[in-house]
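Please view the sequence and the model below before turning to the notes.

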Amino acid sequence: MPLIPHEIARRRMVDDHLAARDIQDPRVLAAMEAVPRHRFVPAELAYAAYEDRPLPIGHGQTISQPYIVAFTAQALSLQADHRLLEVGTGSGYAAAVFAELCAEVVSVECVPSLAHMARQRLDQLGYEDVVVVEGDGGLGWIQSAPYDAIALAAAAPQVPSQLLEQLAPDGQMVLPLGRKNQNQKLIRLVRAGMEINEEELLPVSFVPLVGYASQVPPEVL
Ligand code: SAH
C-alpha cells in the first residue's frame, strides 16, 4: 500500500506542481486530476507516480513529467471536438490526459511492446477514444489526418515536414526541438492557412525522436 492514497497524492500534485505554477486552464487541471498516473508506471515505481518528474518505463524510455504534459495540453488550447495526433505513446499517460480534453487521440509509438502495453492499459481504463498505432510517428499518421492538434513526446532536430502537412488549416503543434543532450526548447507552431507562426515556450529535456524525422540534413550539422 502507498503511504498516502493515490487520490490524495494526485490532488497534491495538481495543487503544488501545476496550479501553483502557470497551469490555470480548469479543464487541464481537471484532466490531470482524472488520470491515474500510477497505473501507467511499473508497479514498483507506483509510490513515485505523483512526483513531478519523468520515470523509467523500460526500453530506455520515460513517462512524461506531469507538468510538461499539462503545459503541452494547455498550450494546445484543446477543445472537446478536437482530434489530436501524439507522436511517442510511451506509457500512454499523456494520450489519456489528451483524451480527457478532446474527441479523439491517435497516438503513434515505434517500439511495438510499448505500443502493446499502452493499448492494453488504455483499454482497461476505458479510454476508447485513443487509438494507439505502431509506426514512425515522425511521418505522422496520414490515415486519420488532418489533426487540430499535434503533440510530440520526443525531441526532433527540426520540425518534421510531414507533421506540418497533416495539421488542419487552423491547427496547432507543440514539440521539443533540439538534439540529445543539447539545449532543447518546447515550441508551438500555429497554422493560419498557408502561414505558420512559431513561438518558443520553455527550455526542456526530452528523449530524442528516432526514425525518419531524426535525420538531420548536412547543412544543419
Ligand atoms: N508521452 C509518453 C512519453 C513517452 S517518451 C508518456 O506519457 O508516457 C517518448 C516516446 O517516443 C518513447 O516511447 C519512444 O519510443 C517514442 N518515439 C521516439 N521516436 C518515435 C517515432 N519516430 N515514432 C513513434 N514513437 C517514437
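The lining of the largest cavity consists of eight nonpolar residues, two polar residues and one charged residue; Ala, Val, Leu, Ile, Met, Phe, Trp, Tyr, Cys and Pro are classed as nonpolar, Asp, Glu, Lys and Arg as charged, and the others, Gly among them, as polar. The model is a predicted one, in which local features need pLDDT of at least 70 and side-chain atom pairs count only at pLDDT 80 or more, while totals for chains, interfaces and linings use all residues. Residues are numbered from 1 along each chain as its sequence is written, and side-chain values use heavy atoms, with hydrogens and water left out.

**The largest cavity**

- On a 1 Å grid over the protein atoms alone, a cavity is a set of points where a 1.4 Å probe fits but cannot get out, and its lining residues have an atom within 4 Å of a point.
- There is one cavity of 30 Å³ or more, and the volume of the largest cavity is about 90 Å³; grid points are joined across faces, edges and corners, and a volume is the space filled by probe spheres set on the points.
- The residues that line the largest cavity include Ser64, Glu86, Phe98 and Phe206.
- Two or more lining residues come from each of α3, α4 and β6 (147–152), and α3 contributes the most, with three. Helices (H or I, at least four residues) and strands (E, at least two) are DSSP runs, numbered from the N terminus.

**The largest pocket**

- A pocket is an open set of grid points with protein on both sides within 12 Å along at least five of seven lines.
- The largest pocket has a volume of about 650 Å³.
- Its lining is made of 40 residues, and Gln61, Ala153, Ala154, Phe206 and Val207 are nearest its centre.
- At least two lining residues come from each of β2, α3 (66–75), β3 (83–87), α4 and β4, with β2 giving the largest share, three residues.
- By class, this lining has 19 nonpolar, 16 polar and five charged residues.

**The ligand**

- The ligand sits in the largest pocket, in the sense that more than half of its atoms lie within 2 Å of the grid points.
- Two or more residues of the shell around the ligand come from each of β2 (61–63), α4 (93–101) and β4 (104–109).
- Around the ligand are 26 residues, of which Ser91, Glu109, Asp136, Gly137 and Val210 come nearest; a residue is counted if one of its heavy atoms lies within 4 Å.
- The shell holds twelve nonpolar, eleven polar and three charged residues.
- Nitrogen atoms of the ligand lie 2.7 Å from a polar backbone atom of Val210 and 2.8 Å from a polar backbone atom of Gly137, while an oxygen atom of the ligand is 3.3 Å from a polar backbone atom of Ala94. A polar contact is a pair of N or O atoms within 3.5 Å.
- Of the 580 Å² of accessible area that the ligand has on its own, the protein covers 98%, with areas taken from the Shrake-Rupley method with a 1.4 Å probe.

**Backbone features in loops**

- The peptide bond between Ala145 and Pro146 is cis, with omega near 5°, and Pro146 belongs to the loop between β5 (130–134) and β6.
- His59, which is not a glycine, has a positive phi near 55° and is found in the loop between β1 (55–58) and β2.
- Ser77, also not a glycine, has a positive phi of about 45° and is placed in the loop between α3 and β3.

Technical notes
Polar contact = N/O pair within 3.5 Å; in protein donor to acceptor, adjacent residues only side chain to side chain.
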